[in-house]
Amino acid sequence: MAEAQKYMPGFPEEDDEIEVAEADPRLEQEAERIAEALVFASAQPVSEAYIESRLPRGSDVKRTMARLKAFYATRGVNLVQVADHWAFRTSADLSFVIQTDEQEVRKLSRAALEVLAIIAYHQPVTRAEIEDIRGVQTSKGTLDVLMEAGWVRFRGRRRTPGRPVTFGTTRDFLDHFGLEELRDLPGIEELKGAGLLSGRVPSNLSIPVPMGDDELSENEDPITQLDLEELGLLTPKGEEAD
């Protein structure tokens, strides 16, 4: 059979060299320059889809961004991935030399930090579920502070009686805390090592692995315009804003 295949059309001769397509170095260099410029010129993380739409035809956006990330890994600024977006950030070991005249951000209260942690690890989560985990009532002001900071958002509405709103974190939350995705959140051993958990924590304490995407869960419905109007986030149609 092997002898027959040797002389059949479409099968290479033993001495024939199989050509392997190689990327054009000039195309790759141009793609890197364009991607670099797009991210550098934006004040916000740039989506991978947007970068891909601006690259020369035939460019591999993931390979392009990986090469740029490796190039900037040892520079004063690093190219970091935030979910499916990219941004330049000051290298962590040089943050102490960066001075700014911006007003210091108000520190979050202990309650706000607790709520933020619960939302980050348990999302999608409702207000009632947050209160059940904390064991105390959560004020609307605490959630408002987190939403104004841009770290928490409405995800959807739970398919249960009353259709409570579910909360989740935002891409700005990932960006602020230097996370590529939610699965990069520290686990229980990392929290202990950082001194954020006391040595007397219950032996059965467990920290859930957060969801890694923004897709709605099976028991969630998307937020609609009517929902936003009901929540007071949009002016009802036909009415003028004050």
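**Entry 1: Glu180 and its partner**

I looked up Glu180 first. Its relative accessibility is 31%, so I put Glu180 down as partly exposed. I am working from a predicted model. Next I searched for a charged partner. Glu180 forms a salt bridge with Lys69, and the closest N and O atoms are 3.8 Å apart. Lys69 sits in helix α4 (residues 61–72), while Glu180 sits in the loop between α8 (171–176) and α9 (188–193), so this pair ties together parts that are 111 residues apart in sequence. Lys69 is partly exposed too, with a relative accessible area of 34%.

**Entry 2: other salt bridges**

How many salt bridges does the count come to? I get 16. I followed up several.

Asp175 and Arg89 meet through their side chains at 2.4 Å, N to O. Asp175 belongs to helix α8 and Arg89 to strand β3, so the bridge ties together parts 86 residues apart in sequence. Is Asp175 buried or exposed? Asp175 counts as buried, because its relative accessibility of 17% falls under the 20% cut-off. Arg89 is at 29% and counts as partly exposed.

Asp144 and Lys140 form a salt bridge at 3.0 Å, N to O. Both lie in helix α7 (residues 140–148), 4 residues apart, which is about one turn of the helix. I noted Asp144 as partly exposed at 28% relative accessibility. Lys140 is exposed at 53%.

I also found a network of salt bridges. It links Glu28, Glu32, Arg63 and Arg67.

**Entry 3: aromatic rings**

I searched the whole structure for aromatic pairs and found 5. I looked at Phe154 and Phe167. Their pair is tilted, with 5.4 Å centre to centre and 40° between the planes. Phe167 is buried, with a relative accessible area of 6%.

Phe71, Tyr72 and Phe88 came up as one aromatic cluster.

**Entry 4: a nonpolar patch**

Last, I checked the surface. Leu94, Phe96, Val97 and Ile98 make a nonpolar patch of about 400 Å². I placed Phe96 in the loop between β3 (85–90) and α5 (110–122). Phe96 has 65% relative accessibility, so I recorded Phe96 as exposed.

Terms used. Residues numbered from 1 in each chain as written. Predicted model: local features only at pLDDT ≥ 70, side-chain atom pairs only at ≥ 80, totals over all residues. Heavy atoms only, no water. Patch = residues over 30% accessible without salt bridge, like charges linked within 9 Å, V, L, I, M, F, W, Y side chains within 5 Å. Areas by Shrake-Rupley, 256 points an atom, 1.4 Å probe, with all protein chains shown as cover. Salt bridge = Lys/Arg side-chain N within 4 Å of Asp/Glu carboxyl O. Helix = DSSP H or I, 4+ residues; strand = E, 2+ residues; numbered from the N terminus. Buried < 20%, exposed > 50% of the residue type's maximum accessible area, 1.4 Å probe, protein only. Phe/Tyr/Trp six-rings, centres within 6.5 Å; stacked < 30°, edge-to-face > 60°.
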